[in-house]
Amino acid sequence: MDDPVAHVSVLDQAVQASERLKLFDALNHDLSDVELLSFAVQQAVAGLSGLGGMAHRSRPFDRTLRLAAASGLPREVAEPWAAIEWKDDACPARAVREGTLQWQPATECGLSGGLATVPGHGFPQGAGFVAVPLNGPDGTIGALTVLMMSASGPTPEQRDFLVALTDAVAGRLLNTRPMLFLRPGWWQVPTGSQEQEAVRPTGVGSWEWEISTGRLLADDVALHVGGMTREGYDDRIQTWLDLIHPDDAAAVVAEIERSIAEHSAYSVEYRIRRPDGNLVWIEARGFVTYDDQGEPQRMAGTLWESTETRMERDAVGRALRHMSDGFLAVDDEWRILYCNAEAERLFGATHRLLGRALSEAVPDIDAFGLAESQEATGDGPVGFDVQAPANQRWYHMRVLPVPGGLTIYFTDVTDERARRAEEARVARMEAERAAHVSDLTTALGRAVTTRDVLNAVADRVLPLFRASGLMLDAVEGDSLRSVGAVGYVPSFVDRMDGTPLDDFPPAAQALRDHSPKFIASAEEYVGLYPRLAEVRAEGGKQAWAFVPLIALGRAVGVCVLAFDEPRELTEDERSLLVTFSGLVAQAFERARLYDAEHRRSQELQYGMLPGALPELPAVTAAARYLPAGEGIEVGGDWYDVIPLSSERVALVIGDVMGHGLSEAVTMGRLRTAVRTLADLEIPPDELLARVNSLVIELGDTFYATCLYAIYDPTTRGLSFASAGHPPPVIAQPDGGVGIVDHDPDAPLGVATPPFATTDVVLTGESTIVLYTDGLVESAARDIDAGTAHLARTLAEKLPAPGTRTALSEVEQLARLCRTLTGSVPPQGERTGDDAAVLVARTHALAADDIADWTLPDDAIAAKEARDHVRDQLSAWHMDDLAMTTELLVSELVGNVIRHAKGPARLRLLRGKALVSEVYDGSLTTPQIRHASETDEGGRGLQLVATLAHRWGARYTPTGKCIWTEQTRTGPE
């Protein structure tokens, strides 16, 4: 609670300020500038309980501020302020210059013409000036200044009052009768003037006492407060002193002597007996001026009647005395100034406490923590609870700093604390329950698989119930199928997996009743189910909770919580467990459906990917598919290694954009299309153009990226085209790793052929890495930075050339794939895309495994071809294939002579198979036809198809090539 006395005082000030502003608004509009400013100064001094005040006006033709009115200031003090230069550091000049309210200690106020006061005179210690500008429509027209006792300036309420008052004054000055000559000083205002009549109701008067002569000058308002008139007053100080109540006279004289001796402000409240016999309270403020020898010369200030305010404070005091809360007031030395009945009862007072030191009057006062609270108060109140040593009851103590001491309130809060403690316990329990439910709900919402559900329950439910074991089983027909367990040995979980419901009565009963089954001890368990004693012993637990999982009214599983010690769950715990079971059941059923669908989807996707990459002489390859993060369906990433003619190899990697079964099916269709088109031996750019047409036919919702590359071991050349796919990363035998410079075309489905082709010549056994964007791109890293990181990782992890290892080349590349998929994606970040990587080690055909001849363009070409074949196969120790090869080559060369155009060229390749190639300059592809019995020709290609293991034709930049393959029977 707030200080009642202080509250009344603040309220009274606010009311008085409001009344003063209303009074100002009601002033006669015929007042002159000086009369209006004099009245405003009186209101400002009274509103701030000031020592005095003044008002300045500025003339249009100069920047000098001239004193127009003063109140409560001796003439000797006011006259040096008659003219203030605009540049002075005096408070009024600063207010006018800066256009805002200014506060300045009196000791810092200087004037260009001299000190702020005449020589030998000084303001009280701790006094200061507050000045507010008078702002007109065309600029500042003056300032209103109040001298007040304050270390920090006016309060916010006082500032608001001053600003409101000066705004009103400035507005009225525009409509008043201007006076050409400003005559400062309240002493020059004629008695009975409009100003005096206006000021009288406010009760704020000014006075000046000449100490050496005893003359006391007072204005009409001051005389009105004293109940006297101008005609009946003799200007003697003794006349005023005779009015003071005898009980207060000594205190007034003492305050006067103190103010003179200490050069400080004079402030006192006392009673006077007016000549008409009425007793009133008045408050007086003032300060003393001194001559050059330091002798007191004058005392001047203001006074007003405070009877009503005093009565209000007395009423508050009576209320404080009998209120139910304790109230105590002490001064700066902890002497008791006021103590109400409740405080006396609490402190066990048996005699009067007023005037005594608090520590002396209350020996156990230290137990109340008041000394510590005073250090913590600073400028504001402090509240705390403390237990009284006498009656052990709790009290809320509130300590408020006030001028000259502290006020202390205390309220018995024992019952309230007990009530709040119970409410807090209930609220805490409900909040904890809500937090646990929210936490579990969030975790189960993120759970995708049944294993995720198990982990969520294990992480959040087991610690909450101090359980040590968890089993999660799904109902499948009449049996329980284990999803997972925590806190049990694997052998026990395996034994319980597939248990018929009839053989496990506690779970069966919970599922049948749709209600949890609680067993508090091993003895209770064996007593209920004697034939399960062995099972209980093997599980090693001492208490159980069998919680059915019911989703949409159907039992889908059972969750078993187990404890290492006997445990009787409370009603709150059982209720919370039932709440949890509903959440777990919904998540569990959803996860089971996901597991089944995901299993089918993965089977479909993996079924569409190559089961095992082919082992080829030109390329050794390995690949790895990395599924996306949790909750992501199957994707459309794929890779392939396709053997082509003449030991060439096609390397393919692609990515259908999106996730889901439809994308996986699209991936399978594209892979099949690529393999089919690869058999046609068409270049990479043409192949992508045809696949692009296929993707466009699928509709606007399907897009894909693809990179198709052909490696020729006879030339070490790598030719590839890319439809929106990242470029290859190639590691050379010397250890250099680089990203192939290639600008990919648009993805399949939006591309416009032709596609660009890039040709790269490899050196030795190079390592080619093809990958999808899921390997290198993430939310935290763009694709360029990820590709650069892949190249650095490849350079670090690739074994140096010539490194000996027990692993085969395929195993080495498989390990490299695992390393790349484990190191390249950002660690700790859940990937949002699946990824595929294909690593291929290239091998070139040795020069002595290639034989090449140019044939003449006439009939003798067939014979020369047979001679070349016979001689070369003999050199290669492949004589067993010589006759068949001669027949094949002779037929192919003969077809060139008869049906094509030269020049013809023959090439033999010794690889895993024997390859025979015949080149010509024609674009006509040979076709097998069925010859009739009377046809003399047309059976040549039938012969080729019969004798060769494989045969075919492909286009070249200058024509075509017809090739055959024969399986080698001897040592390679």
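Contact here means heavy atoms within 4.5 Å. The model is predicted, so local features need pLDDT of at least 70 and side-chain atom pairs count only at pLDDT 80 or more, while totals for chains, interfaces and linings use all residues. Residues are numbered from 1 along each chain as its sequence is written, and side-chain values use heavy atoms, with hydrogens and water left out.

Not counting residues up to four places away in sequence, Leu775 touches Arg781, Leu790, Leu820, Thr821, Val824, Pro825, Ala835 and Val837. Leu775 is found in helix α23 (residues 773–776); helices (H or I, at least four residues) and strands (E, at least two) are DSSP runs, numbered from the N terminus. From Leu775 to Gly822 the separation is 47 residues in sequence and 9.6 Å in space, C-alpha to C-alpha.

Buried means under 20% relative accessible area, exposed over 50%, and partly exposed in between (1.4 Å probe, protein chains only).

| Residue | Relative accessible area | Class |
|---|---|---|
| Cys706 | 0% | buried |
| Leu775 | 0% | buried |
| Cys961 | 0% | buried |

With a disulfide taken as a pair of cysteine sulfur atoms within 2.5 Å, the count is zero.

**Helices α2 and α5**

Helix α2 (residues 33–47) packs against helix α5 (residues 156–173) at an angle of about 175 degrees, and their axes are 11 Å apart. Axes are lines fitted to C-alpha atoms, for helices over the stretch in contact, and angles run from 0 to 180 degrees between N-to-C directions. The two helices, α2 and α5, are therefore roughly antiparallel (under 35 degrees counts as roughly parallel, over 145 as roughly antiparallel, 65 to 115 as roughly perpendicular, the rest as oblique). On α2 the contact includes Leu36, Leu37 and Ala40, and on α5 it includes Phe161, Leu162 and Leu165. The contact residues divide into nine nonpolar, three polar and two charged, where Ala, Val, Leu, Ile, Met, Phe, Trp, Tyr, Cys and Pro count as nonpolar, Asp, Glu, Lys and Arg as charged, and the others, Gly among them, as polar.

**The five-stranded sheet**

An open sheet of five strands runs in the order β10-β9-β13-β12-β11, with antiparallel pairing; two strands pair if DSSP finds at least two bridges between them. Its edge strands, β10 (215–218) and β11 (266–273), each pair on one side only. From one strand to the next the twist averages 25 degrees. Strand β11 is joined by eight bridges to the antiparallel strand β12 (residues 279–290), and Ile272 stands opposite Val280 in β12. Helix α9 (residues 246–262) lies across β9 (204–210), β11, β12 and β13 (296–305), at about 155 degrees to β11.
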